[in-house]
Amino acid sequence: MSMTKDARPVNDAELKQAVEQHLIYTLGKDARHASVYDWRMALSYAIRDRIVGPWFHATRRTYEGQRKRVYYLSMEFLIGRMLEDAMINLGLLEASESVAKSLGFDLRQIIEDEPDAALGNGGLGRLAACFLESLSSLGCPAHGYGIRYEHGLFRQRFEGGQQVETPEDWLTQAHPWEFARPESAYEIGFKGEAVNGDWHPSESVIASAYDMPVIGWQGRWANTLRMWSAKPTTLFDLERFNSGDYAAAAEPEALARTLSRVLYPDDTTYQGKELRLKQEFFLTSAALQDILRRYLSEYDDLTKLPQKVAIQMNDTHPAIAGPELIRLLTDKHGLEWGVAQDIARATLGYTNHTLLPEALERWSTWLMGNILPRHMQIIERIDDDHRRATKRPAHVGIVRNNEVQMGELAFIMSHKVNGVSALHSDLVKKTVFHDLNELHPGRIINQTNGVTPRRWLKLANPPLAGLISDTIGDGWIGDLDQLKALEPHANDKAFRKDFRAAKRTNKVALSNWVGETMGVQINPNAMFDVQIKRIHEYKRQHLNIFETIALWHNMRENPDAGWAPRVKVFGGKSAPGYAVAKEIIHLINDVAQVINNDPVTGDMLKVIYPPNYNVSMAERLIPAADLSEQISTAGKEASGTGNMKFTMNGALTIGTLDGANVEIREHVGAENFFLFGLTADEVIKRRRNVRHARDAIEASQNMQHVLQLIVEGRFSPTDPDRYHGLVDRAWNHDHYLVAADFEGYYTAQRAADKLYLDPEAWSEQAVLNVARSGFFSSDRTIRGYMADIWGTESALDGEEDAA
Ligand code: 26V
């Protein structure tokens, strides 16, 4: 069979035949009895077949060109659905539509039948998924390495307005996008003893590979996401079994069964759990063994590893990669300590995604020494070497207070460390890594996050994507800077009308979905005001719901004051153990209950909180949004990526000067952005006043009304004391400065009202937001990593001439 560089062009008849063949021969189903699931599988296999050509081609080109490869190590990949993304990147969406029609199934229904791959918590995992797509679209030879969790992020339900978690089980159905690779398997050891560099683990599991092809835009390149699943080394310890110790005999299997079973659902607080450390080492060791095996199949000199291999650590979760790479290079391959350390450092890069102290990973030296005794020795030697080499201040170091500080370890073992927005990278230099930055000037750099426009504009928003392509051509999909060409259309009345029509189509679709799934009618003419992200105090969903209460109260007091009708939309999950976040969820649902049943405000104000927010729900909500809520306490949100998706989809932002909001505002223009709130510096200063909340509340009628309504039980009539704790914290423990920012926020919201009531002016600004969002493509971000961290080039440059 001949394989071309591109996805094989396919006509409708060929695709139809492939779907029919898979239905019959892969699924063993007769078309007359095929279910939605059967059709989905058949179509997925038919589409997958078209990826294999480019996939093989890319692998062959990488080997032939002896190209440098990127390895992206991440505990999370929040991918979402794959079928539609693959169809779009292969240019097969229209063909699939016509095949569906002629075979008598509904393509939309098929697409929505696919469960989300929810192998991540939030921003960090979704960023990894956008990066994989951009790496393929840019033709950068790369592998993602992750864990094939049996259960992704829990599902969220509301019972009496409160979050209830249920297990997620995406793998109970066949997963058509993966290829099992049982021949790619490595032993991963734990515990035991390490004497003179000789480690004898007392426990072990097998990491067994599953590969998913990641197809880039236009099918020109495909990389691999390799996910490890844990398998027992032996099913039974026969000796123990025979001696009658049946429970102990099954231990190897028990460890393997738990290791890759479930994603840790708490991205807010580090907990120091043994199983989590084992998961981190499992991913890292399997990936590194695989990387060295591949390298040695092509080259023999391990000292040249950094010329052919770049390994990126997505936060500190795989930071054991430093010690593990040194261990493999010295203990297994016989290199000198110093040489191995230099190779490891020249190969590794580390991305920091948070400054929140409670989320920074640190493992007790006792646990580290127990689970990974050899690595504990190596960590101490790295630390000693660093101390000697830098003459660092005494308070700096990897091992402090009997804990291994994973951020310090990752920093010291990397040649580049990056933050994820300009502001965040600046704060990384000034705060967590202040001393290390002075010892290693130039090591910390910035790479502002981005999102893939294929999924987040073309796939999620066909009406707007179609309008853009009709207006400026479709070059923007692979080169988002081309959106600039829309700028002149911002003051073209006819274009703005079409732009509003596209937005309205999405809003009507969302209204219908909300009506069907939640039984609440919302008015598509109202402003759709959306806050979707994990629930966290620093993200301040409570600021939003407080403002909602104030608005409701004032609408009732003064119905004719020129309010814009609004639908407040919330989406997001709380970490299961985060009581305060759960209380905020409860309050939002309680407030929704009261407001949505108030005949006085009626269509003027609704509050919608659909449960189980995930990637697919984001694809519905973002294109329908008018207003994007990015209201974190300044200095706390490292970047944000949802903020970028909203901008691209023509929402205006109401936000603080935090994370990438700063750069979004610079790009779209300050006049097209609703800014409020303290700056990161002002936040630090304001906290020094112990009365900051009290003072702010006493100066704000609105705030007083809000807290009064909550505390007197207006939203919890059957349990009036429910929110006493919450209100007490607002007055006395307002760490995230909700009170200080409240009036500024309320005022900015009224400016949004005013603009919304002038649709021509609103849509002019919204068009400018889209036109100026090109910078926030993850293609730009990946180009930055390639140039500044990895030293890799696209394998597609010059491809046209070569072909
Ligand atoms: C932390 C932890 C702590 C230990 C247990 C499990 C776990 C899982 C994930 C995390 C990551 C928290 C950091 C994070 O998600 N940061 C987000 O990264 C986004 C991409 O750079 C960025 O846009 C968000 O602003 C940032 O909050």
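Colleague: How far does a polar side-chain atom of Tyr538 lie from an oxygen atom of the ligand?

Modeller: This is a predicted model, in which local features need pLDDT of at least 70 and side-chain atom pairs count only at pLDDT 80 or more, while totals for chains, interfaces and linings use all residues. Residues are numbered from 1 along each chain as its sequence is written, and side-chain values use heavy atoms, with hydrogens and water left out. A polar contact is a pair of N or O atoms within 3.5 Å; within protein, one must be able to donate a hydrogen and the other to accept it, and residues adjacent in sequence count only if both atoms are side-chain atoms. For Tyr538 and the ligand oxygen, the distance is 3.3 Å.

Colleague: What area do domain 1 and domain 2 bury between them?

Modeller: The protein is divided into domain 1 (66-80 + 116-447) and domain 2 (453-784), with bounds that come from an automatic or database domain assignment. Counting heavy atoms within 4.5 Å as contact, 41 residues of domain 1 touch 46 residues of domain 2. Buried area is the accessible area (1.4 Å probe) that two parts lose on being put together, summed over both, and here, with 60% of it on carbon and sulfur atoms, it is about 3,600 Å².

Colleague: Which three residues supply more than any other three of the area that domain 1 buries against domain 2?

Modeller: The area in question is the part that domain 1 buries against domain 2. Of that area, 16% is supplied by Gln156, Phe158 and Trp217.

Colleague: How many salt bridges does the rule find across the interface of domain 1 and domain 2?

Modeller: A salt bridge is a side-chain nitrogen of Lys or Arg within 4 Å of a carboxyl oxygen of Asp or Glu, and a search of the whole structure finds 58 of them. Across the interface of the two domains, the number is three.
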